[in-house]
Amino acid sequence: MTVATPHPATAGPEPAGVDNRLVVGGEALTWRTLPTPELPDPAAVLAHSARHALAAARQHAVHGTELLLSTASRVDATMRAELDDAGFTVTLLDDDGAHHSAPARPRVAEPGRLWLLTSGSTGRPKRVGHTLDTLTTVRADQPARTWLCPYAPGTYAWWQVVTLSLTQPGQHLVVIEPAELDDWPVVAAAHGVDAASGTPTFWRRTLYRDAAALARVPLRQITLGGEPVDQAILDQLRQVFPAARISWIYASSEVGASIVVHDGRAGFPADWLDRETEGRPTLSVRDDELVVTSPYHGVGLSGPVRTGDRVQVVDGRVLITGRLDTDEINVGGSKVSAGVVRGVLTQHPGVAWARVTGRRAPVLGRMVVADVVLAPAEHAPLPDEAALVRWCADRLPEHAVPRRIRVLTEIPVKETLKSDV
């Protein structure tokens, strides 16, 4: 890796967490000993590995280089062209150094700017501007922790864990590369991980593949986010880790970390709605859509931001069921929430994961269908399609019951650790 020439005129103070321990690729480092790449300004860095991504993050923390950080797989030819048009030098960072592709029309960099690519859940990913300060939402002193970071570099969730380690002494980091994802509990137990953040799909997949190995990780803090969090996954994690604090977080590139819930229940209390507190996000619901007014919003956003996430208020809890454009299925004029049906399926003890969608059907226009992954046989007798349909029929109105249920053999997961739900 190319090591930067010192920049005494532009270098800032070392971040407060500079001596925190990092474990990446099986190697123990600290932020201080991590080699720092020499980057152009502004740079769109495509990191070859987690180590290179961490190096770019530290370079930004010290030098303030305008930075967009991602993996190469998340940036296709169209996105590269967009970055070139926006004046970024696209830089592949790997073991051989930094390989630059200069833009056709260079521009003056914006000091301290960080850019995130959204997950693309509403279409193509787009750029959202932040700073290290707006991405750092954990500011109070924290108990010493060794955190697991399984996220794709440059995503909002990745930056949340990374900024915690950069800015807080005692917040160590064990980074999981994609090749280690299937066996991460072994890596985590070997390095004393006691706090881990992941999507519900990440946790479901781990429980499905090797719940016994997961139970050997001495977790005291478990965090979920990035997808709708239902009661089933919260209950399953509580069963494995009865003494851990289990938190779910609602956050996005656009509005930052906006909701944090620690009570072990899906959703958040309805009395949090429209509650204005200085320095904290305000949560509202408009036309079944979550609306957030946040001090942590991205550049160019202000006031109420429509999130695109559909919510329902049930028994005093506000449940986030999915994206507006995919959650609602119109069955013969009756509206069905795919998230609600998914929640019913995952409450079955024999179901490890479910995806619910609509399919064209004669007369009705659309019908509800589902894919499921069954839980390991030792957990419960494996249900067949008829048994799952009956389970749903006992808990849902007739038009919401899935007409077809397909069994998959593995929980699908994208690079962002999300299922395509």
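Mentor: Keep in mind that the model is predicted. The largest nonpolar core has 78 residues. Seven names lead it: Leu 54, Trp 158, Trp 159, Leu 173, Trp 203, Leu 224 and Trp 248 touch the most other members.

Trainee: What does Leu 173 touch, leaving out residues up to four places away in sequence?

Mentor: Its contacts include Arg 21, Leu 22, Val 23 and Trp 31. Leu 54 and Trp 147 are also among them, as are Cys 149, Val 161, Val 162 and Ser 165.

Trainee: And what does the second core include?

Mentor: That core is separate and has 21 residues. Val 336, Val 341, Cys 392 and Val 401 are among them.

Trainee: Switching to sheets. In what order do the 6 strands of the open sheet run?

Mentor: The order is β6-β5-β3-β4-β7-β8, with mixed pairing.

Trainee: Which strands stand at the edges?

Mentor: β6 (97-101) and β8 (127-131). Each has a single partner strand, so one side of each lacks a neighbour in the sheet. From one strand to the next, the twist averages 30°.

Trainee: How do β3 and β4 pair, parallel or antiparallel?

Mentor: Parallel, over 5 bridges, with β3 at residues 43-47 and β4 at residues 67-71. Ala 43 has Leu 67 in β4 as its bridge partner.

Trainee: What does helix α1 touch on that sheet?

Mentor: Helix α1 (residues 50-63) touches β3, β4, β5 (89-94) and β7 (113-117). Its direction makes about 170° with that of β4.

Trainee: Now β13. Which strand pairs with it in the parallel sense?

Mentor: β12, residues 221-225, over 5 bridges to β13, residues 245-252. Ile 222 is bridged to Ile 246 there.

Trainee: What about β13 and β14?

Mentor: Those pair in the antiparallel sense, again over 5 bridges. They form a hairpin with 3 residues between the strands. Trp 248, which we met in the core, stands opposite Val 261 in β14.

Trainee: Last one. Where is Thr 199?

Mentor: In the loop between β11 (195-198) and α6 (200-215).

Trainee: Does Thr 199 count as buried or exposed?

Mentor: Buried, because its relative accessibility is 2% and the cut-off for buried is under 20%.

Trainee: What does Thr 199 touch beyond four places away in sequence?

Mentor: Tyr 151, Gly 225, Glu 227, Thr 416, Leu 417 and Lys 418. As for Pro 228, it lies 29 residues from Thr 199 in sequence and 8.9 Å away in space, C-alpha to C-alpha.

Conventions. Residues are numbered from 1 along each chain as its sequence is written. This is a predicted model: local features need pLDDT of at least 70, side-chain atom pairs count only at pLDDT 80 or more; totals for chains, interfaces and linings use all residues. Side-chain values use heavy atoms; hydrogens and water are left out. Two strands pair if DSSP finds at least two bridges between them. Helices (H or I, at least four residues) and strands (E, at least two) are DSSP runs, numbered from the N terminus. A nonpolar core is a set of buried Ala, Val, Leu, Ile, Met, Phe, Trp, Tyr and Cys residues joined through side-chain atoms within 4.5 Å. Buried means under 20% relative accessible area, exposed over 50%, partly exposed in between (1.4 Å probe, protein chains only). Contact means heavy atoms within 4.5 Å. Axes are lines fitted to C-alpha atoms, for helices over the stretch in contact, and angles run from 0 to 180 degrees between N-to-C directions.
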